[in-house]
Amino acid sequence: MGILAGIGVLLPFPFYYLLWTYPQSWVNLCGKGRDPSKVMALVSHFIKLIQFVSLFSVSSFSWPPPLYFWPLFAFGQFLNFRSFYRVYQLLGESGTYYGVRFGKNIPWVREFPFGFIKDPQYVGSIMSLVACLSWVPFQYILLWSLGYLFMIHIESTEHVTTRAKPLS
């Protein structure tokens, strides 16, 4: 079960990497009349479910959690939800799911936590994962966190010339 769980934990990152690196291929695959951000969101939700099931399959829960759990998890989730849902609220699905890479004009969000913390959703997610160390074996937390660090690096290299052209 350990190798399958590891694969499940890492599953989203090759998908995100491919979409970020080859956005035109994704736009073409989605085809005319289908929003590539919407399709990405649907696939991402399914992959995220596999990721969580994989993590839960190797977890062992005990109560109460250690004291470090509460501040790490609470602040991590605050950053995660504040960044994800605020962007979703302001920019919709396209602003949340690589719309800028798929050739859409998406404005930047500069409200807190953006502009204060680089990649707040990833930072918050990593904090939440670390909070769960008493329940989840270290190697799975490390794998998932390395996936986020990898995506922070990949997404920091975005260049306008590599964006997809929308199908018309």
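Let's start with Gln51, which sits in helix α4, residues 36–57. Helices here are DSSP runs of H or I with at least four residues, numbered from the N terminus. This is a predicted model, where local features need pLDDT of at least 70 and side-chain atom pairs count only at pLDDT 80 or more, while totals for chains, interfaces and linings use all residues. Residues are numbered from 1 along each chain as its sequence is written, and side-chain values use heavy atoms, leaving out hydrogens and water.

Back to Gln51, then: is this residue buried or exposed? Gln51 counts as buried, because its relative accessibility is 0%. For reference, buried means under 20% relative accessible area, exposed over 50%, and partly exposed in between, with a 1.4 Å probe and protein chains only. The side chain of Gln51 makes a polar contact of 2.8 Å with that of Lys48. By polar contact I mean a pair of N or O atoms within 3.5 Å; within protein, one must be able to donate a hydrogen and the other to accept it, and residues adjacent in sequence count only if both atoms are side-chain atoms. Leaving aside residues up to four places away in sequence, Gln51 touches Gly8, Val9, Pro12, Phe13 and Trp144, where contact means heavy atoms within 4.5 Å.

In the model, residues 39–61 are 83% helix and 0% strand, with end C-alpha atoms 34 Å apart. For residues 122–142 the figures are 71% helix, 0% strand and 14 Å between the end C-alpha atoms.

Now to helix α6, residues 120–131. Its 12 residues reach 16 Å from first C-alpha to last, close to the 16 Å expected at 1.5 Å a residue; the expected span is 1.5 Å times one less than the number of residues. Nine of the 12 residues are buried, so α6 is largely enclosed by the rest of the structure. Among them are Tyr122, Ile126, Met127 and Leu129.

Asp119 lies in the loop between α5 and α6, and has a positive phi of about 55° although it is not a glycine. Which residue forms a salt bridge with Asp119? That is Lys118, with the closest N and O atoms 3.8 Å apart. A salt bridge here is a side-chain nitrogen of Lys or Arg within 4 Å of a carboxyl oxygen of Asp or Glu, and the structure holds one. Lys118 is exposed, at 60% relative accessible area.

The whole structure has 17 aromatic pairs. Rings of Phe, Tyr and Trp (its six-membered ring) pair if their centres lie within 6.5 Å, with planes under 30 degrees apart counted as stacked, over 60 as edge-to-face and the rest as tilted. Trp20 and Tyr98 have ring centres 4.9 Å apart and planes at 70°, so they are edge-to-face. This pair links distant parts of the chain, 78 residues apart: Trp20 in helix α2, Tyr98 in the loop between α5 and α6. Both Trp20 and Tyr98 are buried. Phe69 and Trp135 have centres 5.0 Å apart and planes at 55°, so that pair is tilted.

One last stop: a cis peptide bond joins Trp63 and Pro64, with omega about 0°, and Pro64 is in the loop between α4 and α5.

Methods. Helices (H or I, at least four residues) and strands (E, at least two) are DSSP runs, numbered from the N terminus.
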